[in-house]
Amino acid sequence: MIAARKTKRLFAFRVPDGADLYESLTVFCAKRGVRCGWITVLGATTEACFGYYDQKTHEYHKKVFREPMEILSCVGNASIKDGKVFLHLHATFGDEKLKAWGGHVFLGTKVFSAEAYVRELSGPPLKRSLGKETGLSSWPSCPL
Ligand code: ZN
């Protein structure tokens with residue numbers, strides 16, 4: 001059964017300049033007890049680390065951009081993995097030529113300036129578990 005969810009709390013804040021994007025959002029959610037949430041971010045980075053998941057090898061291929069980038073769009077969620085708050089973030093970044101890059105966000109994405117929204121949702125937190133076929137730690141699937 002899918003739980004219908006409502007917004008419990010909505011936070012809007014500036015991520016500290018120079019912070020690691022993934023780490024700072026994780027700490028923000030953990031400190032405030034956000035165990036089920038929806039995240040969006042826009043802004044800019046001085047470095048960005050993101051990647052692509054190879055569905056055959058079940059490995060992430062990371063790429064690091066050590067140059068200023070715009071965070072054109074970053075979307076993610078907060079849920080529970082191994083009993084702790086875990087964030088899953090994807091982002092599209094834009095370079096100085098206005099070319100877009102994007103992927104799964106890793107530690108190593110340093111904020112130049114960023115504005116974030118964290119929407120905490122009601123209901124039980126979604127818990128991640130390893131899927132043997134995907135190799136990913138995912139939410140439980142549900143019958144539609
Ligand atoms: Zn991902």
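**Contacts, burial and zinc, explained by their cut-offs**

Biologist: Why is the pairing of Asp17 with Arg14 called a salt bridge?

Modeller: Their side chains meet at 2.7 Å, N to O. A salt bridge needs a side-chain nitrogen of Lys or Arg within 4 Å of a carboxyl oxygen of Asp or Glu, so the pair at 2.7 Å qualifies. The structure holds 5 salt bridges. Please keep in mind that this is a predicted model, where local features need pLDDT of at least 70, side-chain atom pairs count only at pLDDT 80 or more, and totals for chains, interfaces and linings use all residues. Residues are numbered from 1 along each chain as its sequence is written, and side-chain values use heavy atoms, leaving out hydrogens and water.

Biologist: What makes Arg14 exposed, and how is Asp17 classed?

Modeller: Relative accessible area decides it: buried is under 20%, exposed is over 50%, and partly exposed is in between, using a 1.4 Å probe and protein chains only. Arg14 has 53%, so it is exposed, whereas Asp17 is partly exposed at 46%.

Biologist: Where do the partners Arg66 and Glu47 lie?

Modeller: Arg66 forms a salt bridge with Glu47, with the closest N and O atoms 3.0 Å apart. Arg66 sits in the loop between strand S3 (59–65) and strand S4 (69–81), and Glu47 in strand S2 (residues 37–54), so the pair ties together parts 19 residues apart in sequence. Helices (H or I, at least four residues) and strands (E, at least two) are DSSP runs numbered from the N terminus. Arg66 counts as exposed at 64%, while Glu47 is partly exposed at 24%. Elsewhere, salt bridges that share partners join Lys8, Arg9 and Glu120 into one network.

Biologist: How do you know that Lys8 and Glu120 form a salt bridge?

Modeller: Their side chains come to 3.8 Å, N to O. Lys8 belongs to strand S1 (residues 7–15) and Glu120 to strand S7 (residues 110–121), so this bridge ties together parts 112 residues apart in sequence. Lys8 is exposed at 52%, but Glu120 is buried at 4%.

Biologist: Why is Phe13 called buried?

Modeller: Its relative accessible area is 19%, so Phe13 counts as buried. Phe13 is in strand S1. Leaving aside neighbours within four places in sequence, its contacts (heavy atoms within 4.5 Å) include Leu25, Phe28 and Val118.

Biologist: What makes His88, His90 and His104 donors of the zinc ion?

Modeller: Donors are N, O and S atoms within 2.8 Å of the metal (3.2 Å for Na, K and Ca), and sites may look incomplete because water is not among the atoms. His88 (NE2), His90 (NE2) and His104 (ND1) coordinate zinc at 2.0 to 2.1 Å. His88 lies in strand S5 (residues 84–94) and His104 in strand S6 (residues 100–105), so the pair ties together parts 16 residues apart in sequence. His88 is partly exposed at 24%, and His104 is buried at 12%.

Biologist: Why is the pair Phe50 and Phe93 called stacked?

Modeller: Rings of Phe, Tyr and Trp (its six-membered ring) pair if their centres lie within 6.5 Å; planes under 30 degrees apart count as stacked, over 60 as edge-to-face and the rest as tilted. The whole structure has 7 aromatic pairs. For Phe50 and Phe93, the centres are 4.8 Å apart and the planes at 15°, so the pair is stacked. Phe50 in strand S2 and Phe93 in strand S5 are 43 residues apart, and both are buried.
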